[in-house]
Amino acid sequence: MNLKTVLILLVPALATIVALVCVWLTRGGRPASCEPQSLSSQEGKHSDQSLVFADLTPEEMKQVVTYLQENLGVPLVDASQANPSENCIYYTDVQIPTKAEVLGFLDRGGRRPPRQALAVVYFGNQPDPNVTEYVVGPLPKPTTHRDVTVRKYGGKLPYHRRPVTEKEYKDIDRFVYQEFTKAPGLLRECCDYDETNFATLTTAPRGFQSGDRATWFVLFQNVDGSGYYLHPVGLEVLVNHSSLDASQWRISQVFYNGQYYEDMEQLETEFIQDHVKDVKVKKVRPDEEFGSMRPRAAPMAPGPLQYEPRGPRYSIQNNHVIFQSWSFAFGMDVNTGPRLFDIKFNGERIVYELSLQEALAVYGSNCPGGMVTRYMDGSFGIGKFAFELVRGVDCPYTATYLDRHYLVESETPKVNKNSLCIFEQDTSVPLRRHYSNLQSLYYGGLTKYALVLRAISTLINYDYVWDFIFYQNGAIEVKIHATGYISSSFLYGTGTEHGSQVGEHTLGTMHNHLINYKVDLDVGGTKNSLVAHDMTFDTVQAPWSPEHQIQRPRLTKKVLDTEDKAVFPLHSKIPRYIHFTTNRENKWGHQRGYRIQIVSFAGDHLPEASSMERSISWGRYKLAVTKRKEEEPTSTSIYNQNDPWTPTVAFADFIDNETIINEDLVAWISVGFLHVPHTEDIPNTVTVGNGVGFFLRPYNYFDEDPSVHSPDGIYFRSDQDPSMCDVNHVACLSKTASCSPALPPFTYNGFQNQAGP
């Protein structure tokens, strides 16, 4: 065979090989353009300094428990088994060092503050039962503990203020169901009661004055696999569980279908005598559609999928995140939920602490349970009940999912797997853009990508989606969406004055959501002032035509120099531009600042005439700015729920007219929405339209919009070819994003810590 023949045969063979390689690269392999990108170009660098804010590790939790068992000098029962008359560890969490200690370490090369834990202990087995808080340390091998209760709260914590444990709830359920045996006729007639088909729902607070521990429990049909909150049976019982001896608990009142009775015996007697107007409630069938979240349509083709063609553009190490110009530390308070620290942009600290404080829901109804309910969710555990996120629904499928550990009502740490997610998203609207069709012809635009940190807490019936969002222009958005099931009352009489009928016997009860955040802004340092900018119209003569007048807008400027001037009632007018400023100036001589912009449509706050209003007095204000104090770390307390009449922490006391010029300041922001349930809340509430929050936006902080330095911007002129990669990187997407992501398998472990039926 001569050389010419060999070449003729070789050329087609080579062409075939090249074609096969191309097919393999596009279908079975990963082109070089799809390899994970290097993050070395990012401005920030990870450091273990962020660990000063880190949540406790499981090993640290175990060490704290062991230390307390060996050094408190009293027997400790595992809280999951403890009776009210016994001693137990309620929870442990990290004790964040003082701000002065932390900044000395982070900024001035000082020593790392000793790592410590906070431990809350119930002392039920002693002559003076109380709740005591200890700081235990240093970790990981603690050697000391100190009682900080009096220093924090000004006195001891009375035992009746303690949050109810799961063990106490279970004991109450057993007591209530035993009491139901005293009214077999009514319960069989109204509800086909068989000792298994009821579910209880707690209310709070628990009485009318300090020391009370009497709770209305609302009874629902125990629906399997669906929201029992929509199936009230018309029965509610008031349980007095104030005694530490469960044998002394009593039902002190019964409510059924609009009437009140002394106890279950009286209700049964009245029923036998035909004096009770009972309502036959249809038993919910297993295939019942009302209230069920089971899909009623077959799956279609998958929807749009968000993914990063070359892997995440953010980086996580321990509890520290870097995204483009942003960096921050994150954690999860077992009571109050997600919290962020040391938020920096371009290496400059913007926020020292950004943390959720409380989620309040004030209900209305003509039934006692709905009538008295003012849920303060921090006492139930916003962080504890942040369960596993469902990949591809709760967060994008390819988001980064993180586990959170906690120790509550147990001597053994537990884990909520994948209960935080972090992802970058395309918000599908440009951050900024302009198309020029006058004079020169050009287009410039920037995609509004944002980094999101998210957790979702399920507090009994409601699910709250907590978002912290970071934008390329130096802005931070804090947002909360509400979903889950509405709470309901049994419909009778004038019930629709308090909500809407959403089922045959179901009243969707109106309620007001209020959520409070702490924002410790450090704009250009810790010394800030609060400045308000707004507008007014001045009537002036036109300089060129004095016989005519012009209503000319003018910028108004005011420094709010005391705390009393820096509080804005919930529905009052607030300056359109209110911002923290520093004495440092930008290039153009303006004080550098960050603006607070609130988005909320809350209902009315509880009237101050209410005996419990001081316990939630943070809700009086959409914004309150106070001088930062270590002894005012939170706007509320987990102990306020069960004794709101003598609040352990009353936010109103923070406001005492101190000067706030050139001081370390904290903004306390409240957002919320009034929810009048309607039929579209069945099966449960959607997030659409149920999102509120606030923005922290740069206001003369930079010399120009810092997003000009984003690598995602595009620009091309009329004399350029925008389809060329060297002109417009978006034109390269067909090549650089030509591969599909290697999706991880779907897993879910969210039921692993839950007790069986």
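Analyst: Happy to! Helices (H or I, at least four residues) and strands (E, at least two) are DSSP runs, numbered from the N terminus. This is a predicted model, in which local features need pLDDT of at least 70 and side-chain atom pairs count only at pLDDT 80 or more, while totals for chains, interfaces and linings use all residues. Residues are numbered from 1 along each chain as its sequence is written, and side-chain values use heavy atoms, with hydrogens and water left out.

User: Where is Asp-274 found?

Analyst: Asp-274 follows helix 7 and has a positive phi, near 65 degrees. Most residues other than glycine have a negative phi. Asp-274 is exposed, at 65% relative accessible area (exposed means over 50%, buried under 20% and partly exposed in between, with a 1.4 Å probe and protein chains only). Its place is the loop between helix 7 and strand 11 (314-317).

User: Which residues of helix 7 (residues 264-272) are buried?

Analyst: Seen down the axis of helix 7, the buried residues fall within an arc of 95 degrees, so they line one face of the helix (the arc is that of the directions from the helix axis to the C-beta atoms). They pack against helix 5 (166-179), helix 6 (184-191), strand 8 (232-240), strand 9 (250-256) and strand 10 (259-261), where contact means heavy atoms within 4.5 Å. The buried residues are Met-264, Leu-267, Glu-268 and Phe-271.

User: At the start of helix 7, which backbone nitrogen does a side-chain oxygen of Asp-263 reach?

Analyst: The side-chain oxygen comes to within 3.3 Å of that nitrogen. The backbone nitrogen belongs to Glu-265.

User: How many residues does the largest nonpolar core have?

Analyst: A nonpolar core is a set of buried Ala, Val, Leu, Ile, Met, Phe, Trp, Tyr and Cys residues joined through side-chain atoms within 4.5 Å. Those with the most contacts inside the largest core include Phe-180, Leu-235, Trp-466 and Leu-521. The residue count of this core is 110.

User: At which residues does UniProt place the feature "active site"?

Analyst: The feature comes from an unreviewed UniProt entry; UniProt positions are given in the numbering used here, feature names are shortened, and annotations may be inferred rather than shown by experiment. The annotated residues span 86 residues in sequence, yet no two of their C-alpha atoms are more than 10.3 Å apart, so they gather at one spot. The record names Asp-377 and Tyr-462.

User: Is Tyr-462 buried or exposed?

Analyst: Tyr-462 is found in strand 20 (residues 462-471). Leaving aside neighbours within four places in sequence, its contacts include Tyr-363, His-511, His-513 and His-675. At 2% relative accessibility, Tyr-462 counts as buried.

User: What is the relative accessibility of Asp-377?

Analyst: Asp-377 lies in the loop between strand 16 (374-376) and strand 17 (400-408). Beyond four places in sequence, its contacts include Glu-358, Ala-359 and Tyr-464. Asp-377 counts as buried, with a relative accessibility of 6%.

User: How many Å separate the C-alpha atoms of Phe-716 and Leu-441?

Analyst: Phe-716 lies in strand 34 (residues 713-717) and is buried, with a relative accessible area of 17%. Phe-716 and Leu-441 are 275 residues apart along the chain. Their C-alpha atoms are separated by 9.0 Å.

User: Which residue does a cis peptide bond join to Gly-137?

Analyst: Most peptide bonds are trans. Here omega is about -15 degrees, and the proline involved is found in the loop between strand 3 (130-137) and strand 4 (144-147). A cis peptide bond also joins Leu-139 and Pro-140, with omega about 15 degrees. The residue joined to Gly-137 is Pro-138.

Technical notes:
A polar contact is a pair of N or O atoms within 3.5 Å; within protein, one must be able to donate a hydrogen and the other to accept it, and residues adjacent in sequence count only if both atoms are side-chain atoms.
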